[in-house]
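Subject: Structure for you to look at

Hello,

Here is the structure I promised. Please open it first; my notes follow below.

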Amino acid sequence: MTSLSYAAPTSVDAAVKLLAGAGGVAKVLSGGTDLLVQMRAGRVKPEIIVDTKKIPGIIGIREENGAFVIGAGTPGAVVEAHAGLNKAWPGIVEALDLIGSTQVQGRCSLAGNLCNASPAADSVPALYAAGAIAVVVGSKGKREVPVEQIPTGPGRTSLGKDEFILEFKLPARPANSSDAYLRFIPRTEMDIAVVGCGISVTLDANGVCTAARCSLGAVAPTVLLVKEMADVLVGHKLDADTLAKLDAAAQAAAKPISDKRGTAEYRTKVAGVLARRVAAIAFDRAAGKATGKTH
Amino acid sequence: MSKSHVTTTINGEAAEFLCETQQTLLDVLRDVVGLTGAKEGCASGDCGACSVLIDGTLVCSCLVLGVEAEGKSITTIEGIAQGDHLHPIQQKFLEHAALQCGFCTPGLIVATKALLDENPNPTETEARYWLAGNLCRCTGYDKVIRAVMDAAAVMRGETV
């Protein structure tokens, strides 16, 4: 039995010191819904677990002049119960809600989903589309990092050994803005995305898109932020021509592998179909036509 | 390897235990505390047989470290009945024969308790989605859902 120590520091400084001082592998614990499974399978063998949930501010949501700050370890169930986030960022809420079961929702966090760095992570395409900023803390202090710069490959991130995410910042929304996320799975619950797609848009009074961010999940080694999809939307209404171009841009960006969840050809096709559906929901929401959940 | 000393509350009573870091809350409940109602099915958070409440939130105890129980309030299946009186959820599971082998039943009952605490009047669809993380290989789920909907009605004070 190798010795495994545990600490639940109550300050950022104490947590950073523990991470920096570890001789072997140190793992940050938020909800543990990935970490505990990986430890049990023997895929990670940490020397120390640093439980960050007792650090002030790391769990909870605050609104500041229309912008939101979500604590990195806030459980999915808490995010989903937040009325302000449901109104401003329904795509992020519905994406996070797709992770696992009710039981998993009681623990899983945005930071865990991002730092587990699975290309199929459901909340991550929504965070990319939202332009979320991760507030990263470490020995050198605090830095703000666009979320799309955190994952670097399957299971790999750009965070240093002594770094972890303290919170996420979501910008204030202009009028007529909204977002949406859909994933495709062969059933309705408890599965991992074959393809995921997140889109966030701002429209003008005539329904013409003035700003967009689009992302695809499970079609590359990391979630992709796809500028070509956004470029197709900006300056246009969501008519048949725009939808066809968006579909083509999504298919062109998708670089999937074939595995048990689907062939590369299938995933590429589904990326285009999902992009059309997600754009329709995001545009409707931004125009005030629908605010309901998509699943 | 030194063990951690954990002070917590289990089913309303103060409790303390010693555990190693890698022991899950499920390991601790079953092997240290001696509460064997919560079951280990998958040990990966997929089956829900180990469901417990932590400060009222439904979780898989196989995905929680024992040391994380410090200062928390844990509710297990052993804390659902009131003395010798079965909880209405337990009573309705019996009446509807919502079990065969019974392995998933503690988790289903704890998960149903969490559902009805939060939403006393769920639709059948809401109940099915809420319980999607509790796998049962015997019943085909229909009897479970009938028991849940019936228990909800009883707990709302409606005569059934």
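In chain B, the centres of domain 1 and domain 2, taken over C-alpha atoms, are 21 Å apart. The domain bounds come from an automatic or database domain assignment. Domain 1 of chain B covers 4–77 and domain 2 covers 88–155. Their contact involves 14 residues from domain 1 of chain B and twelve from domain 2 of chain B. Contact here is between residues whose C-beta atoms, placed from the backbone, lie within 7 Å. Strand β3 (residues 51–54) of chain B gives the most to the domain 1 side, with three residues. By class, that side of domain 1 of chain B has eight nonpolar, five polar and one charged residues.

A word on the model. It is predicted, so to speak of local features pLDDT must be at least 70, and side-chain atom pairs count only at pLDDT 80 or more, while totals for chains, interfaces and linings use all residues. Residues are numbered from 1 along each chain as its sequence is written, and chains are lettered from A and ligands numbered from 1 in the order in which they are written.

Next, the chain interface. 23 residues of chain A are in contact with 24 residues of chain B. On the chain A side, β1 (5–7), α2 (35–40), β3 (48–51) and α6 (102–105) each supply at least two residues. α2(A) gives the most, with four residues. Helices (H or I, at least four residues) and strands (E, at least two) are DSSP runs, numbered from the N terminus. The chain A side has ten nonpolar, nine polar and four charged residues. Nonpolar means Ala, Val, Leu, Ile, Met, Phe, Trp, Tyr, Cys and Pro; charged means Asp, Glu, Lys and Arg; the others, Gly among them, are polar.

Then the sheet. Three strands of chain A form an open sheet in the order β1-β3-β2, with parallel pairing. Pairing requires at least two DSSP bridges between two strands. The edge strands are β1 and β2 (26–29) of chain A. β2(A) and β3(A) pair over four bridges. Ala26(A) stands opposite Ile48(A) in β3(A). Helix α1 (residues 12–21) of chain A packs on the sheet and touches β1, β2 and β3 of chain A. The direction of this helix makes about 165 degrees with that of β3(A). Axes are lines fitted to C-alpha atoms, for helices over the stretch in contact, and angles run from 0 to 180 degrees between N-to-C directions.

Best wishes

Terms used. Contact = placed C-beta atoms within 7 Å.
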